[in-house]
Amino acid sequence: MVMVIVELFRDNLLAVLAVVLLLLVLAFFAFRPRQRVRLTDSTPLRPHMSAKRENSVETSGFAHEAATVTNEIIGAPPRRQVPGGAEADDFLRLKGVGPRLSELIHARGFTRFDQLAHLTSQEVELLDQQLGPFAGRIKRDRIVEQSAFLARGDVDGFEEHFGKL
């Protein structure tokens, strides 16, 4: 029996080596380490990525829920923390935002594009109610989406979706 196997192996050495090589290549592709990518809150969003980050520190947990309920009860405007000494962004760069709407948004405590970019739908509704004659403009003019492009410095992406700045 052993002699038969040895004889077959000797006659088909090339075929056996080809099969072994094929198995090694398949094993490499099957068991190679995969790259694991984890996005943080500071990772800029690209157009193909989700616009919302529900897991971010600002929009998750008990503290956020308590603050949202408190803001709704007392009618306080939603706010985001701005890094100390940060310069205010020019909201007039956003399509559909004029001087008066820009003043109203600044009066509600928003000074940076990233603050507007991270608004949840509930916060947009709350802010919309406080804008008087400009109610509905945040959704209609896609202010949150525009702000997301400008917050991450993606001028090309902004111009592709909304036109020239």
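The exposed residues P99 and A107 lie on the face of α4 that is turned away from its buried side. The structure described here is a predicted model. The buried residues of this helix are L101, S102, L104 and I105. Viewed down the axis of α4, these buried residues fall within an arc of 160°, so they line one face of the helix. Their cover includes α5 (113-117) and α7 (137-140). After α4 comes G109, which has a positive phi, near 100°.

The loop between α4 and α5 also holds R108. The relative accessible area of R108 is 17%. Because the cut-off for a buried residue is under 20%, R108 counts as buried. The side chain of R108 reaches the backbone oxygen of Q130 at 2.6 Å. R108 and L127 are 19 residues apart along the chain, and 8.1 Å separates their C-alpha atoms.

D89 is counted as buried because its relative accessibility is 19%, and the limit for buried is under 20%. The side chain of D89 is joined to that of R112 by a polar contact of 3.3 Å. When residues up to four places away in sequence are left out, D89 touches H106, T111, R112 and F113.

Helix α8 (residues 143-151) has the highest mean pLDDT among the elements of the chain, at 93. Within α8, the residues I143, Q146, S147, A148, F149 and L150 are buried. The elements that cover these buried residues include α5, α7 and α9 (155-162). Just after α8, G153 takes a positive phi of about 75°.

The mean pLDDT of the chain is 78, with 68% of its residues at 70 or more. Among the elements, α3 has the lowest mean value, 58. Over residues 52-60 pLDDT stays under 50, and for this stretch the model has 20 contacts beyond four places in sequence. Where pLDDT is low, predicted coordinates should not be read in detail.

Methods:
Residues numbered from 1 in each chain as written. Predicted model: local features only at pLDDT ≥ 70, side-chain atom pairs only at ≥ 80, totals over all residues. Heavy atoms only, no water. Buried < 20%, exposed > 50% of the residue type's maximum accessible area, 1.4 Å probe, protein only. Polar contact = N/O pair within 3.5 Å; in protein donor to acceptor, adjacent residues only side chain to side chain. Contact = heavy atoms within 4.5 Å. pLDDT = per-residue confidence, 0-100. Helix = DSSP H or I, 4+ residues; strand = E, 2+ residues; numbered from the N terminus. Arc of directions from axis to C-beta.
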